[in-house]
Structures are given as structure tokens and as C-alpha cells.
Amino acid sequence: MKKPAKVLIALFVLLIVSFYIDNFVLELIKTIRAGILDKTFIFIDKYLNYYVLAFIITLIPLLKNKERLRNLLKFWVSFLSAGILVYVLKILIARPRPLLSLIEELDYSFPSGHATIMFALLPVFLSSFKEYRYYWLVLALLISFSRIYLGVHYLSDVIGGIILGLIVGTNIIKIFKLKLKYG
């Protein structure tokens, strides 16, 4: 069994478990909330959201190497595919958000759009922007955790978003490889 398949299986098991401990995790996070942490995660939510990151990442290849422009297509297809899928799933599933949030979110909770998009882009970084992959992984985990800390998502929303994002990103990479092979 390949490593990505093992990771997805582990994440699916974690997703199932997380549905049972969602409220416990929120209560635990509520006990560690503090002024500086609140401000830090609100800053992350406000200024490190995926729209700002998408703009910045778009500029990197333009500034460093023109050959990398073709990799931007993978980036944007993953970004947009994940965003559209999250939008549709939120409407279909219609899971209410937690009640103890530090910021206001108006749409539904499952899956986390932030986690989905950040992790849909991870396979793109692994294949096309290797020098940034660890930065992106840390940023994706930080942003995903911030959604739980801020109380706008349950743990299961974030894990579901991570799984969905990895599936979307991995399949976009596969489609691009097929296109290169047969296109």
C-alpha cells in the first residue's frame, strides 16, 4: 500500500473518531483561550486566509522563474475545484457551526473550506513548488487549527476538509500528468 493511501485511511479513521470527540475538543480549546492567542488566531484568520495566500503564491513564480507559470494552472485548478466542492457540500450537508465562536461566520460548518483549500494545494506544492512544501504544510496546519480555536469549526469539519482537500489536490495532479502523457 502506498504512503498516501495509508495517510488517507488514517485520516478517515481520525474523522470517524473526531465526530465523537468534537464537543470535548471545543470545550478543551475554550479552557486554553487567552487574549494573546485570541488575537493571534484572529490575525491568522483575517490576514493569512487563502485568498491572500493565493495572490502571494501567484506572484512567486512570476518573480523567480518564468518556467513555473505552467505550474500555476495546477495551483488554480486545485484552488477553484476545492472551493466549488466545499460550497456545494456545505449546502448539501448543512451542518450548523459551533455556538462558541470568537468571530462570525454565516454559512454552514462541514467541511472546513479553509482546511480543504489549504490541503488541496499541498499536493501542488509537493509536485511543483518543492522548496515551499514545508512552509505550506505548517501554514495549512496552523490555519486549519485556527478554525477550531476560533470556534467556527468542529474538529471533524477540519479533518473532513483535510481529507477532501488531499483527494482533490492529488487527483488534479494525476489529471495533469495524464494530460502531459496523452495530451
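Analyst: Let's start with serine 112, which touches Arg147, His153, Asp157, Val158 and Gly161 (contact means heavy atoms within 4.5 Å), leaving aside residues up to four places away in sequence. Serine 112 sits in the loop between α4 (69-93) and α5 (113-128); helices here are DSSP runs (H or I, at least four residues), numbered from the N terminus. With a relative accessible area of 0%, serine 112 is buried, where buried means under 20% relative accessible area, exposed over 50%, and partly exposed in between (1.4 Å probe, protein chains only).

Please keep in mind that this is a predicted model, in which local features need pLDDT of at least 70, side-chain atom pairs count only at pLDDT 80 or more, and totals for chains, interfaces and linings use all residues. Residues are numbered from 1 along each chain as its sequence is written, and side-chain values use heavy atoms, with hydrogens and water left out. The mean pLDDT (the predictor's confidence in each residue, from 0 to 100) is 85 for the protein, and 89% of the residues reach 70 or more.

Just after α6, glycine 151 takes a positive phi of about 80 degrees.

Now for the neighbour of α6. The axes of α5 and α6 come within 9 Å and cross at roughly 170 degrees, the axes being lines fitted to C-alpha atoms, for helices over the stretch in contact, with angles from 0 to 180 degrees between N-to-C directions. The two helices are therefore roughly antiparallel to each other, a label for angles over 145 degrees. Where they meet, α5 brings residues including His114, Met118, Phe119 and Phe125, and α6 brings Arg133, Trp136, Leu139 and Arg147, among others.

Met118, Phe119, Phe125, Trp136 and Ile148 are among the residues with the most contacts inside the largest nonpolar core, which has 45 residues. Such a core is a set of buried Ala, Val, Leu, Ile, Met, Phe, Trp, Tyr and Cys residues joined through side-chain atoms within 4.5 Å. Helix α7 (155-182) is one of the elements giving two or more residues to this core, and α7 gives the most, with 10 residues.

Conventions
Angles under 35 degrees count as roughly parallel, over 145 as roughly antiparallel, 65 to 115 as roughly perpendicular and the rest as oblique.
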